[in-house]
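Have a look at the model first.

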Amino acid sequence: MSKGSLRIMQIFEEYEKRFARAKFEKRFNLPTIPDQREKIVSGVKKMLCFDEKLVPIISNANVQKQRDLVTYVEYQVTYETWKDVYGCSTVLIPKSEKPLPLAFVVCGHGAKGRLSEGYALMAHRLAKCGFAVILPDNIGQGDREFMGHWKVVSPFNGGLNLQGLIVAETLALIRAAKNHPLFDGDNMCALGNSGGGTLTMFLTALAPELKAISSSGYPSEFAGLLSKEKTHCACNLLKGCICGPEMWEIYSLFAPKPLLLSQGLFDNLIPIEMAKRNARKVGEVYSSIGAEENFKFELTATKHPWAEEDRILISNFLCKAVNVEPCADVDEQSIIASLSDGSVTLPKHAIDVDRLVYNLAGIETPKDMKLQDIIPPTFNGEKIDPFTIDGNFNGDDAMRIFAQMEYSLKNT
């Protein structure tokens, strides 16, 4: 064994111990107790580097494409969030004279963003049930890919957080919809899987406007996910999450409102034992306040992405939450056949994540900067010299992995 390989083993071993120590030292907080609830919310904001001032105001909305689908109309809409930051959403509006219940379908890492088949099928199923639907592209995904997403580092260099920016932008959409005459502001829901599961978890804490939430393909435990020896997407990096509130505490903030957590039995990304343990704890909180009928945890015979079984489960749950009748005869194959190219072109002056961070924080990020330059990994309390290890770890950058772990443990 080379000295570099031995040193990597020792570094990983120390990080394992630091994760275990942080979990051992975590404080137990109950969201049903006001002062402890405030600690959980504060911890959520800390791991997202979130400040209310970050939430933009939606403006300059424009319909780029439109299709009449008999019982509802599909729109492809663009809009401005922060200055020179342009978003886009697929919006489905059933034909009705009354304000409509609204569902936000928030994306994970589908290859085509909001236009990925699984998200589109969910959106159209909900529209057939009578929901208005807003299906947005997250920052750096889908038609916004040019902004940067997977390995962006500028948010961390600017004292911000990519998931925090995504949450802030989503909150702006929710608040804009709350007061829109087309929508029933008292019957708004959100649902998401994988990266959308991450986002919906944070919405349980920060979006009181929502009446019901479904979160899947993510609910488990932070240490189990962030200790994985792999490169994570930048949107999965949460400051000090190993030291802050655990997932069950965050989800429990939504009690007593309707909450569905679900998990595919054959999902190889989320440890099923952790999903079950998280659900048990959330369920106990709901039971403690007599709201057990509003919490549901389901295991489906599916993998990580949504399958038809998941879409039926989730849509039925949300229909019940807003008191509408589920559509029992949705033909997904006919929906797939009817899907069209909903892609849009954003303005040429639209800025990327690096420029957004500069505008928000006043900090320029060099193009060649790496995560480990911003969050130096440590061993025995000292910065790791990358020349003392074998940097290529199973095809991944070992220093990047260590930096991810360091950020997850960052408690200041």
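What volume does the second largest pocket have? About 390 Å³, where a pocket is an open set of points on a 1 Å grid over the protein atoms alone, places where a 1.4 Å probe fits, with protein on both sides within 12 Å along at least five of seven lines. Keep in mind that this is a predicted model: local features need pLDDT of at least 70 and side-chain atom pairs pLDDT 80 or more, while totals for chains, interfaces and linings use all residues. Residues are numbered from 1 along each chain as its sequence is written, and side-chain values use heavy atoms, with hydrogens and water left out.

**Pockets**

- The second largest pocket is lined by 16 residues (those with an atom within 4 Å of a point), and closest to its centre are Ala61, Val77, Val91, His180 and Phe183.
- Strand 1 (59–68), strand 2 (72–80), strand 3 (86–94) and helix 5 each give that lining at least two residues; helices (H or I, at least four residues) and strands (E, at least two) are DSSP runs numbered from the N terminus.
- Its lining splits into 14 nonpolar, two polar and no charged residues, counting Ala, Val, Leu, Ile, Met, Phe, Trp, Tyr, Cys and Pro as nonpolar, Asp, Glu, Lys and Arg as charged, and the others, Gly among them, as polar.
- The largest pocket holds about 520 Å³ of space, a volume being the space filled by probe spheres set on the points, which are joined across faces, edges and corners.
- Of the 25 residues lining the largest pocket, His109, Ser194, Gly195, Leu269 and His304 are the closest to its centre.
- Helix 3 (117–128) and helix 6 each put at least two residues into the lining of the largest pocket, which comes to 10 nonpolar, 13 polar and two charged.

**Helix 6 and its partners**

- Helix 5 (residues 162–178) packs on helix 6 (residues 195–206) at about 60 degrees, with the axes 10 Å apart; axes are lines fitted to C-alpha atoms, for helices over the stretch in contact, and angles run from 0 to 180 degrees between N-to-C directions.
- That makes helix 5 oblique to helix 6, since angles under 35 degrees count as roughly parallel, over 145 as roughly antiparallel, 65 to 115 as roughly perpendicular and the rest as oblique.
- On the helix 5 side, Gln163, Ile166, Val167, Thr170, Leu171 and Ile174 meet Thr198, Leu199, Phe202, Leu203 and Leu206 of helix 6, contact being heavy atoms within 4.5 Å.
- Helix 2 passes helix 6 in a left-handed crossing, where Val44, Lys45, Met47 and Leu48 meet Phe202, Ala205 and Leu206.

**Helix 3 and helix 10**

- The axes of helix 3 and helix 10 (residues 308–322) come within 10 Å and cross at roughly 35 degrees, in a right-handed crossing.
- The residues of this contact of helix 3 with helix 10 are five nonpolar, two polar and four charged.

- Most residues other than glycine have a negative phi, and most peptide bonds are trans.
- Ala255 and Pro256 are joined by a cis peptide bond, with omega about 10 degrees, and Pro256 is in the loop between helix 8 (247–252) and strand 8 (259–264).

Conventions. Left-handed = near helix turned anticlockwise from the far one by under 90°.
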